[in-house]
Structures are given as C-alpha cells and as structure tokens.
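Biologist: Please give me a close look at one part of this model, with the cut-offs stated as you go.

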Amino acid sequence: MNENMNKPNDDDIVFAASGLTKTFGRSEKAIRAVDDVSFAMRRGEIITVVGESGSGKSTLARMILRLLPITSGTMALNGTDVTRLRGRGLQEYWRQVQAVFQDPFSAFNQFFSVRRLLHRSGKLLRHADVDLDSRMRAALEQVGMHPAEVLDKYPHELSGGQRQRIMIARALMMEPKLLIADEATSMLDASLRATILNVLFDLRADADLSVLFITHDIGQACYLSDRVLVMQHGKLVENGPTEDVIFNPKHDYTQRLLADVPRLHDVG
Amino acid sequence: MKLSRFTSRFYVALGIVFLVAFFGTLGPLLFTGKDLTTVVGGLYDAPSGKAWLGTDNLGHDVFTYLMYGTRSSLIVGVISGLIATFIGVVVGTVAGYVGGAVEETLMAATNIMLAIPQIVVLVLISVALDSRSVTSVAIVIAVTSWPWTARAVRAQASSVRTREHLDIARLSGANTVSIIVFDVLPYMLSYVVMVFVLQISIAILSEAALSLLGLGPSEGTSLGLMLHWALAWESVRNSAWWAFVPPTIMLTMVAFGFLLLQSSLDEVFNPRLRRDSGRKRRKRIASARTAAEAAEAATTSGSGA
Amino acid sequence: MIVMEPVLEPSVPGEILLRASNLRAEYEAASGGIVAVDDVSLSIRDGEVLGVAGESGCGKSTLGAVLSLTARPPLYVLGGELEIAGRKLSFDPDHAPPRLWRGSVVSLLPQGAMNSISPTIRIGDFAVDIIRAHEPGVSRKEAIDRAAERLEQLGLPARALSSYPHQLSGGMKQRVVTVLSTLLNPRLLIADEPTSALDVSTQKVMIELLIELLDRRLVGSVIFVTHDLPVLRMIAHRIAIMYAGRIAEIGETEEIINRARHPYTGALLASVLVPEPQIRRRRITGISGAPPSLADPPPGCRFHPRCNLATDVCRTTQPPQVGDWHQYAACWWAQDHQGEAVVSYL
C-alpha cells in the first residue's frame with residue numbers, strides 16, 4: 001500500500017487511520033470486514049471511498065464514527081488517539097466528527113420536529129459556550145434552507161432533498177472538522193444530487209471542513225473528490241489523487257471497476 | 001388519527017368491551033340494594049322477579065354476583081395486563097436495543113420462563129400464598145405471562161435498531177435510556193397497545209382458570225369463582241343452568257371482545273391487512289372517469305377557442 | 001473504453017408489437033386521486049428495447065405496472081387502450097384484463113424482484129408456480145426440467161433451482177429471477193429498475209442477459225424502466241423521458257443523449273455524473289425547484305416552473321408533440337426550433 005500517504009507528522013493532517021481492522025464473528029468463521037486500512041486526511045480535503053457492496057466501506061465509516069467497536073488498529077484526530085475514547089471524550093469527538101447517512105427517511109425520528117432534532121444534537125455543544133439557536137439557524141441557511149419555514153416541521157412534511165439538507169445542517173451545526181457522508185446522495189434524484197454535492201464542495205472552502213465521502217458511484221467520486229480510495233474485500237487497494245485513480249488506474253480491480261461503469265459519451 | 005381508519009370490526013369490538021366494562025363498573029352502582037352477602041333465596045332457586053338470574057348454591061343473587069364477578073375479572077385483567085406489558089416491554093426493548101451479552105442473558109431468562117408451563121407456576125405461587133386478594137392474583141398472573149411479550153417486543157426493537165435515526169441519536173450524544181424512550185419505544189407504540197389488549201384478555205382467562213381450580217381471590221367473587229362453586233355444588237346435575245351459563249357467557253364476551261379489539265387494532269395500525277370493498281372502488285373509478293372526461297372536454301373546447 | 005453497442009436489429013423492422021394509447025392511471029389517496037400516468041401513448045417495435053427514464057415520482061414505474069397489467073389497489077387504471085401482438089385490450093373498470101396475458105404476453109420484472117421471492121421456498125418452487133399458473137397440468141418435474149434447460153441455455157447454473165434465495169448472490173438472484181419470469185416467452189418484458197440495486201460489474205452482466213434473451217427471441221421486446229441514463233445507453237434503442245406523469249420526449253438513444261430537444265431532457269442529462277474528464281471541469285447545477293405535486297400539476301407544460309426557456313404559452317397551454325410517434329418532444333420551444341438541439345440554449 002502507499003506508505004508515503006500515511007505520514008501523520010504532517011501539520012495539515014486532520015485525521016489519520018492506521019491498520020484499522022474489524023472482524024465480525026469469532027475464530028475460524030470470522031469475517032474481516034475491514035482489513036488493515038490506513039490513510040490520512042488533510043484539512044479541507046475531500047476524500048472519496050469507493051467500492052462495491054460488501055467491500056467494507058460502510059463498516060469503515062461506522063468505525064471512524066465510533067458507532068462500531070474497533071477490532072484493531074488506531075485512529076487519531078489532530079494527532080490525538082481516539083480509538084478507545086469513552087464518555088465525555090467520545091462526546092467531544094462527536095462534536096468534531098459528524099455524519100450524514102444514506103436514507104433521508106430512516107435517518108429521522110418521525111416523532112421529532114426539525115427543531116427538536118437539532119436541539120438534541122446541540123447538547124453536544126453545551127460546554128462550548130455558543131448560542132445554540134443562532135448556530136441552528138446559521139447551519140440551516142448554510143444548506144440553503146429558511147429556518148423559519150422548516151424548524152417546526154415534522155419529517156413527513158419535508159421532501160427527500162429537504163430532509164437530506166437538514167441532516168447536513170445538523171452535522172454542520174457542530175462545526176465539525178470532519179464530515180463522514182455515507183452514500184449521502186445515493187437515494188436522491190440526479191438533479192438534486194448535484195445540489196447536495198455542491199453544498200459539500202463549498203463547505204470545504206468556507207468552513208475548512210474535511211469530507212470523507214463514501215459511495216459506490218464512481219461518477220460522484222469523480223465530480224467531488226480530491227483523492228479517491230478504492231476498497232475491495234475490506235482492503236484498501238488503491239489510494240491516490242482523483243485524476244490518477246479514475247483516469248489512469250493502477251490496480252487491476254480499479255481498472256475492472258472503471259471498465260464496467262456505463263458512460264454517456266464514448267471516451268476518445 | 002383519522003376516524004376513517006377504523007374498521008367496523010373495531011367498532012364491534014369496542015362495543016362489546018364497553019358493554020362489559022359498563023356492566024362491571026356501573027352495574028353495582030345502579031342495581032343497589034343487594035351485595036355479595038345478601039341472601040335472597042335458597043339453593044339454586046330458578047330465575048324470578050326477585051332474582052333475575054336465580055340464586056347460587058348459598059342463595060345469593062346470581063345477577064349481583066355476575067356484576068361483581070365481571071368487575072373483579074376486569075380489575076385482574078387491567079392490573080395484570082399493565083404489569084405484564086411493562087415487564088415484557090422493558091425486557092424486550094433493552095434486549096433488542098442493547099444486544100450482545102445483555103440480550104443473550106435476558107432472552108435466556110425469558111426462554112426459561114416460557115419453557116415452564118405457565119399454569120404450573122401459577123398454581124404453585126397461588127398455593128404458596130395464604131390469602132389472595134384480587135390484586136395479588138393479578139400480580140401472580142402478570143409475573144408468569146410477560147415472557148412472550150418480551151420475545152415479541154425484542155423482535156420489534158431489533159428491527160427498529162437498524163434504522164439510521166438511532167445512529168444519528170448516538171452521534172448526538174444521547175444516552176441509552178434517552179434513545180430507548182424517545183427513539184425506540186415510539187416506533188413500537190402501536191404494537192405495545194396491541195400487546196396490552198391481548199395481555200388483558202389472557203389475564204382474564206388465566207384468572208378464570210385459577211379460580212376454577214379454587215385458587216382465585218379468597219375474598220369477593222369473580223367469574224371463575226362462580227364457575228368453581230357451580231361445579232362444586234353440582235349445578236349441572238341439578239339443571240341449575242343459571243349458575244354456570246351467565247358467567248360462561250360473560251367470560252366468553254370479555255375474552256372475545258378484547259381479542260377482536262386486538263386484531264382490529266392490527267388492521268388500523270397496518271392498513272395493508274384491510275380489504276378494499278369492490279363497490280367503493282368501482283364508484284371511485286366511475287367518478288374519476290367522469291372527471292377525466294370533463295377535463296378533456298374542457299381542454300378541447302379551450303384549445304379550439 | 002469499449003462501449004457496448006445495442007447488438008440487435010428488429011427482426012421485421014417497423015413491425016409494431018405494442019401500441020398503447022391514452023393511458024391514464026391514478027393512485028387513490030385520502031386527499032383525492034393522484035394521476036401518476038396522464039394520457040400516455042407509445043408504440044414499440046418487435047425486438048426493440050425502449051428505455052423509460054425520469055426522476056422519482058415521474059410515473060415511470062406506474063407506467064410499467066399499467067403496461068404489464070399488474071396495476072392493483074391503490075393504483076387504478078382509469079382508461080386507455082392497449083394492443084399487443086394484434087390483440088386488443090381496452091381498460092375498463094368493469095372488466096379485469098385477461099389474467100392469462102400476464103406472464104405469457106406481458107411479463108413484469110418488478111423493482112427489487114430478486115428480493116421478492118419468499119425466503120422459505122427454493123428457487124425451483126418459484127419456477128413451478130410460474131409455469132403452472134399457465135399450464136396447470138404440468139408435473140413438477142417437467143416444470144423444473146424446463147426451467148433448468150432454460151437456465152443452462154443462457155449460461156446460468158441449473159443448480160440454482162435447488163437453492164434458497166439467500167444462498168445466491170444479489171446479481172445471480174436477479175439474473176435467475178429474470179430468466180424465470182421470461183420462461184413463458186413473453187412478447188413484452190417490462191423490467192422496472194432491474195439494475196439499480198446491483199454493482200456496476202453485475203449490472204453489465206444483467207444487461208448482457210437481457211440482450212441475449214432478445215437475441216434468442218425468448219422475449220419479444222423490452223421496456224426498461226430506470227433513473228439511470230448511462231445504463232440505458234448500453235441497451236436501449238429508444239428512450240422515453242417522463243416528467244410529472246407525461247412523456248416529455250421520446251427518441252432514438254443517441255439522439256436523446258446527444259441532441260435532446262426538450263429542456264427537461266437537457267437538464268437531466270447535464271446533471272448526470274459519470275467518470276468522464278469534463279465533469280471535473282465544470283460545476284453541475286442540477287435542476288432548480290422540485291417536480292410538481294401530481295395531485296395539483298401546473299397548467300400548460302408541467303415543466304414550465306423549472307424551465308429556463310419557458311414563455312407565456314408554456315404557462316397556459318399544453319405543448320404539442322413535435323415529431324412523429326417514433327421520436328418527438330412535447331415542447332413549445334421545440335416547436336419553434338425545429339431540428340435544433342436544446343443543449344446549447346441551457
């Protein structure tokens with residue numbers, strides 16, 4: 001693997017994973033869903049993890065979010081080890097690392113209004129002397145929504161696109177350093193998808209945010225990211241700048257994957 | 001919830017349950033003058049103007065006993081239903097949401113409870129108690145009838161657990177109790193209501209079974225106790241049908257009412273189980289067609305002008 | 001990059017296999033009817049693959065259900081006529097469509113078909129059910145043999161029939177289900193999002209299977225419903241773009257992709273993200289606004305509130321179909337700019 005990509009002594013490195021491994025089950029039947037994955041993310045960088053279903057990309061996302069226990073390996077946020085954080089420390093971690101998920105319907109508690117959803121997340125900010133209400137409004141405006149119109153709405157009163165934008169606002173409210181977007185646009189229509197991707201794209205410049213974008217769609221990876229990581233059977237098989245990985249892939253698997261992607265135009 | 005979602009089955013069930021509940025709660029207040037100690041005649045007097053449903057083996061008025069018996073049965077049903085549902089939901093939700101070793105332990109306990117025949121446990125506990133009030137009988141029934149609720153609720157909770165909003169809640173720093181109360185339970189509320197209704201009817205039938213064996217409440221009466229005494233004093237051989245037919249009918253109505261309520265609630269909460277009536281459908285299409293034709297005519301004339 | 005060319009030519013060019021006219025279908029809802037397919041007419045030639053594309057809620061799956069005669073409550077077909085292989089059918093609320101047409105004349109491969117087989121039965125039982133629905137006298141063994149023969153003919157393992165659904169991978173399951181739902185050699189196969197849940201490599205294999213079914217004349221024609229335009233380019237001869245319950249544009253695949261004439265088609269194509277160098281060079285804006293509610297669609301052209309080229313006439317009057325049955329755009333702009341592509345105007 002690309003050893004040179006993983007030097008955590010770079011000042012700009014926000015997040016570094018080293019040898020991350022997750023096994024499900026015990027002994028002989030154990031499945032290595034994520035197998036020795038190492039990479040580093042710089043400030044303001046958008047990295048896409050691509051892979052087919054079962055490649056372990058979503059498991060990786062849930063490990064980074066600390067929603068799944070890590071079997072082995074370490075991760076560091078701004079140079080601090082966060083692999084085994086608990087309690088208050090974990091809450092502080094979640095203030096800096098947030099997520100948007102795939103399904104804009106099941107991500108909402110249907111009994112909560114938008115205001116209550118955001119307020120609940122806002123509890124992570126209770127030690128950080130901020131005006132929650134203005135944070136909430138600012139975050140909604142950042143994703144192009146009018147706070148007065150949506151704050152008292154319930155999820156069933158919002159469209160899929162609106163819901164997904166509110167989910168992004170919820171994450172942004174914490175002013176995180178790292179945003180994990182796990183197939184965050186997969187269930188949206190093409191026309192809306194572009195809008196959401198642009199929101200992520202602009203945040204990188206405006207808010208110094210790093211984004212780990214997880215998708216099976218190489219087209220989206222190509223549009224959005226600075227760097228692309230390719231996963232196969234839990235392993236990272238290719239890691240490099242988008243232009244290199246997508247237009248000049250080195251690994252067999254990446255080449256095959258790209259050859260199968262349907263195109264709109266014949267490539268010259 | 002809109003009223004149109006309720007089916008006629010639901011209203012029939014609700015009607016039966018209300019009828020029984022009125023009889024058991026308001027009955028003793030309306031028909032005063034007799035109580036459980038009043039002796040109005042001799043052994044198995046036939047129904048008459050004085051005793052509408054005749055008398056029992058000790059000369060008590062069967063109608064009065066029926067009212068008080070229904071009331072005891074309902075009290076046992078509600079108390080026991082509440083307790084059993086509460087235990088079952090807590091055990092099931094915690095097991096389903098937390099998972100891992102906690103789930104395995106709780107479910108092992110539940111399965112052991114399920115494996116022991118309920119009636120045996122009921123009989124043993126009841127025998128061990130010196131005096132049994134209506135409440136203590138209800139509690140005894142509750143502690144033996146929660147396990148299947150726990151199993152069913154655990155399955156529901158596990159399916160809710162896969163929803164992404166629980167991950168969002170965890171990422172928001174919410175603790176386990178808050179997640180169970182606000183994110184898991186509301187999604188199972190309709191299910192819990194159905195479980196509760198079913199638990200009531202199970203408890204009423206269990207009480208009847210215990211009482212029939214002579215292990216019911218040691219004070220007052222109940223539908224099961226009435227049957228117990230009717231059996232013990234050979235009402236069948238004496239052709240004293242009024243001693244055993246009324247409590248049997250009442251018991252059947254209570255159990256049937258709650259069971260029907262439970263299954264019709266299932267239809268309300270789960271509209272896929274409902275059947276569309278053919279007549280309504282054709283009517284809708286006919287009206288839609290007319291509307292379509294009218295619209296078409298309007299466009300044609302509009303573009304022509 | 002080798003792009004798969006549609007490999008087949010209609011065996012009798014020009015012979016119309018299906019002619020659907022003025023289809024209207026409505027979902028019954030508490031708040032009133034939602035007309036999801038509104039006055040849709042289309043024709044398909046024998047041997048042709050027609051792609052039907054559009055965003056969610058545009059009515060494409062509903063159209064598939066209507067054409068495959070599988071509409072069931074709360075979806076009701078309000079009217080329209082269907083002519084398949086010389087047989088006529090008029091949708092009439094009082095008469096159910098002939099049940100035996102399903103499977104042998106038209107067959108639907110529903111969305112998520114691979115997950116619709118009961119997990120407790122073997123795949124072979126599913127095949128038996130399909131055959132017996134039409135030929136009740138067939139023995140179980142004979143039905144299994146026929147299914148096995150068909151699978152092997154298409155290069156799929158016959159042992160799949162003795163498996164339970166969960167024992168097969170997603171792509172294999174989808175292919176086996178496809179073969180089984182075409183066991184009766186339907187003249188028209190309607191495939192609703194058959195590749196959407198698959199990875200790109202299995203997507204490609206699935207499309208190759210559909211092409212082989214057509215080549216061997218095991219199915220007559222295919223209607224391929226999807227939101228994925230690049231996939232359609234691999235298989236469809238023509239593409240119909242639906243918007244808010246109507247066909248906005250229909251035409252030869254390369255014409256639609258390279259010389260779209262309806263502004264909606266143009267906008268939709270512009271928001272497709274494919275791994276091609278040009279998408280890294282510019283900002284893709286998507287389409288502003290949201291599709292209209294079908295309970296209360298806007299007057300005139302239904303796309304006008306989101307259209308950059310809309311004029312007064314678009315806001316009041318339903319646009320004409322510019323072109324012939326085979327290739328047209330329902331658009332006032334296209335009417336005024338005959339023969340021009342919309343892309344340079346957007």
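Biologist: How many salt bridges does a search of the whole structure find over all chains? Which domains does the assignment give for chain C, and how many residues does the contact take from chain C and from chain A?

Modeller: The search of the whole structure finds 34 salt bridges over all chains, a salt bridge being a side-chain nitrogen of Lys or Arg within 4 Å of a carboxyl oxygen of Asp or Glu. This is a predicted model, in which local features need pLDDT of at least 70 and side-chain atom pairs pLDDT 80 or more, whereas totals for chains, interfaces and linings use all residues; side-chain values rest on heavy atoms, without hydrogens or water. Residues are numbered from 1 along each chain as its sequence is written, and chains are lettered from A and ligands numbered from 1 in the order in which they are written.

Chain C contains 12 helices and 12 strands (DSSP runs, H or I of at least four residues and E of at least two, numbered from the N terminus). Its radius of gyration is 21 Å, close to the 20 Å that the globule rule gives for 346 residues, so chain C is as compact as a globular protein of that length (C-alpha atoms; 2.2 Å times the number of residues to the power 0.38). Along the principal axes, the C-alpha atoms of chain C fill a box of roughly 65 × 55 × 40 Å.

The domain assignment (automatic or from a database) divides chain C into domain 1, residues 16-236, and domain 2, residues 246-345. Taken over C-alpha atoms, the centres of these two domains of chain C are 28 Å apart.

In one salt bridge, C:Arg233 pairs with C:Glu254, with 3.2 Å between the closest N and O atoms. Between the two domains of chain C, 5 residue pairs are in polar contact, both residues at pLDDT 80 or more (N or O atoms within 3.5 Å, one able to donate a hydrogen and the other to accept it; residues adjacent in sequence count only if both atoms are side-chain atoms).

Turning to the partner chain, the contact takes 34 residues from chain C and 35 from chain A. Chains C and A bury about 3,100 Å² between them, 54% of it on carbon and sulfur atoms. There are 3 salt bridges across this interface of chain C and chain A, and A:Asp260 and C:Lys204 meet in a salt bridge at 3.3 Å, N to O. Residue pairs in polar contact between chain C and chain A number 15, with both residues at pLDDT 80 or more. On the side of chain C that touches chain A, at least two residues come from each of α6 (200-215), α7, α8 (253-258) and α10 (278-281). Helix α7(C) provides the largest share, 5 residues. That side of chain C comprises 17 nonpolar, 8 polar and 9 charged residues.

How values were computed
Contact = heavy atoms within 4.5 Å. Buried area = accessible area lost by both parts, 1.4 Å probe. Nonpolar A, V, L, I, M, F, W, Y, C, P; charged D, E, K, R; others polar.
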